[in-house]
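This report describes the fold, the charged contacts and the backbone geometry of one protein model. The sequence and structure are shown first.

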Amino acid sequence: MRIPNLLELYHKLLNHFGSQHWWPGDSPSEVIIGAILTQQTAWKNVEKAILNLKKEKLLTVEGIANADIALLQKLVRPAGYYNQKSKRIKNVCKYLLKKYDANLDTFFDRDIKAIRNELLDMNGIGPETADSILLYAGNLPIFVVDAYTIRVCKRLGIKIGDDYEEVQRFFEKNLSKNEKSISKKVKLYNEYHALIVALGKNYCKNKKPLCEMCPLVDVCDYGRGIKHMKKRPQKYSNNN
DNA sequence: ACCCAGGTGGCCC
DNA sequence: GGGCCACATGGG
């Protein structure tokens, strides 16, 4: 079966799911905090944590940076991994406050590669979180890859490895043929990643082939890629 | 009672 | 440079 080009795929997804209006947050600082909180966690749980922080008026770089760690742990708790995440958002905010005086315009107003490397140097920020911050908080043109992106590609029969940057280049290279302007790129990358998440959540679960209701079944080899699926290790002691 | 969620860092080899 | 594993709450 023919593999559709990535822009065609995008329009099918947009047509099916509609615009996703990402990022669901109304300030760059909220996006940065949320990007860390949502790691390996359902957004629904992150919303509760965000709301807790909001009620305490802590949803700013300065607020988090100066907040008591025990309080942060309490507020962030619904988002899971609350010990790590409270520490991570505090450290990141302290860094941004100290080095950029909490001015995110200054932070984002540089070469994108330089900002990305700086983000990657912060503890708790890996490639996906860094790119989410660049794209959704900084409005910079970088394609965000996540577990769904790789899973969906494999289900579609697109030959692709597991390497983050490799998948990212694949998308950016393909889409650059269609879109040259920076601002349009940002808009396209923004919507595309959100649509892939929507697709994944609804039709491309782990350990299952593409659901037959999937809007892409007509363009993909249904069920292909099932052999690539690997369960993510999820065992750790939970003595409660 | 499972399985999973918009990952990341720290080990070990 | 890959292959495990810990991290944790809440929903299906």
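## A positive surface patch

On the surface, Lys113, Arg169, Lys173 and Lys177 gather in a patch of positive charge. Patches consist of residues with over 30% relative accessible area and no salt bridge, like charges being joined within 9 Å and nonpolar side chains (Val, Leu, Ile, Met, Phe, Trp, Tyr) within 5 Å. Lys and Arg count as positive and Asp and Glu as negative, while His and the chain ends are not counted. The place of a charge is taken as NZ of Lys, CZ of Arg, CG of Asp or CD of Glu. Accessible areas come from the Shrake-Rupley method with a 1.4 Å probe, and for residues only the protein chains shown count as cover.

Lys177 belongs to the loop between helix H11 (164–176) and helix H12 (182–203). Lys177 counts as exposed because its relative accessibility is 62%; exposed means over 50% relative accessible area, buried under 20%, and partly exposed in between (1.4 Å probe, protein chains only).

The model is predicted: local features need pLDDT of at least 70, side-chain atom pairs count only at pLDDT 80 or more, and totals for chains, interfaces and linings use all residues. Residues are numbered from 1 along each chain as its sequence is written, chains are lettered from A and ligands numbered from 1 in the order in which they are written, and side-chain values use heavy atoms, with hydrogens and water left out.

## Overall fold

Chain A contains 12 helices and zero strands, where helices (H or I, at least four residues) and strands (E, at least two) are DSSP runs numbered from the N terminus. The radius of gyration of chain A is 19 Å, close to the 18 Å that the globule rule gives for 240 residues, so chain A is as compact as a globular protein of that length. This radius is taken over C-alpha atoms, and the globule rule is 2.2 Å times the number of residues to the power 0.38. The C-alpha trace of chain A spans about 55 × 50 × 30 Å along its principal axes. Of the 240 residues in chain A, 46% are buried.

## Salt bridges

A salt bridge is a side-chain nitrogen of Lys or Arg within 4 Å of a carboxyl oxygen of Asp or Glu. By this rule the count comes to six salt bridges, including those in the table.

| Salt bridge | N to O distance |
|---|---|
| Arg110 and Glu118 | 2.9 Å |
| Arg116 and Glu165 | 3.1 Å |
| Lys154 and Asp162 | 2.7 Å |

Which residues are joined into one network by salt bridges that share partners? They are Lys99, Arg110 and Glu118.

Arg116 is buried, with a relative accessible area of 5%, while Glu165 is partly exposed at 27%. Glu165 is also 41 residues from Asn206 in sequence and 22 Å from Asn206 in space, C-alpha to C-alpha.

In the bridge between Asp162 and Lys154, Asp162 is exposed with a relative accessible area of 55%, and Lys154 is buried with 16%.

## Backbone geometry and a helix contact

Most residues other than glycine have a negative phi, and most peptide bonds are trans. The peptide bond from Trp22 to Trp23, however, is cis, with omega near -5°. Trp23 lies in the loop between helix H1 (6–17) and helix H2 (28–37).

Gln40 is a residue other than glycine with a positive phi, near 55°, and it sits in the loop between H2 and helix H3 (43–55). Tyr81, likewise not a glycine, has a positive phi of about 45°. Tyr81 is found in the loop between helix H5 (69–76) and helix H6 (82–100), and is partly exposed with a relative accessible area of 38%.

Asn91 is found in helix H6 and is partly exposed, with a relative accessible area of 39%. How far apart are the C-alpha atoms of Asn91 and Ala65? They are separated by 7.0 Å, although these residues are 26 residues apart along the chain.
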